[in-house]
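Colleague: I would like to learn how to read a fold like this one. Could you walk me through it?

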Amino acid sequence: MICLYLKAPIMSKFTVYILYSCSTDKYYIGHTQNLEARIQSHNDSDISLGKYTRKNGPWELVYKEDSFNTRSEAIKRERQIKSWKSRKQIERLVSCSRFSIVQ
């Protein structure tokens, strides 16, 4: 008898992240499935890419949550953070995890 074990495809989790630009003292909130590539994209100066992050960088990662199995879960959390519309609330979230990024 031959047993075959099929591996389920490895699905990357979605990440909600907050970037900070020292040069402009601004935050940027987003979500992605590939954080490293996304941060690189935000810091790219190519004029064909997004205007906001291109003109307000460079950006550094100050917060992330890697716990979302679906894009819709990540979008829900991203929108929740953006809905605060309070810099102090965002800074409180960032400062609570400044040295240990949430996973």
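**Reading the sheet and its helices**

Modeller: Gladly! Keep in mind that this is a predicted model. Let us start with the helices on the sheet: helix α3 (residues 71–83) lies across β1, β2 and β3, and runs at about 165° to β2. Helix α4 (residues 87–96) also packs on the sheet, where it touches β1, β2 and β3, and its direction makes about 65° with that of β2.

Colleague: And the sheet itself: in what order do the three strands come?

Modeller: The general idea is that strands of a sheet pair through backbone hydrogen bonds, either parallel or antiparallel. Here the sheet is open, with the order β2-β1-β3 and antiparallel pairing. Its edge strands are β2 (26–32) and β3 (60–68), each pairing on one side only. From one strand to the next, the twist averages 15°.

Colleague: How many bridges join β1 to β3?

Modeller: Six bridges link β1 (residues 14–21) with β3, and the two run antiparallel. To find your place there, look at Tyr20, which stands opposite Glu60 in β3.

Colleague: Now α1. Which of its residues are buried?

Modeller: Taking buried as under 20% relative accessible area, look along α1 (residues 35–43): Leu35, Ile39 and His42 are buried. Viewed down the axis of α1, the buried residues fall within an arc of 60°, so they line one face of the helix. Glu36 and Gln40, on the other side of α1, are exposed.

Colleague: What covers the buried residues of α1?

Modeller: The cover includes β1, β2, α2 (51–56) and β3.

Technical notes. Residues numbered from 1 in each chain as written. Predicted model: local features only at pLDDT ≥ 70, side-chain atom pairs only at ≥ 80, totals over all residues. Heavy atoms only, no water. Pairing = 2+ DSSP bridges. Helix = DSSP H or I, 4+ residues; strand = E, 2+ residues; numbered from the N terminus. Axes fitted to C-alpha atoms, helices over the stretch in contact; angles between N-to-C directions. Contact = heavy atoms within 4.5 Å. Buried < 20%, exposed > 50% of the residue type's maximum accessible area, 1.4 Å probe, protein only. Arc of directions from axis to C-beta.
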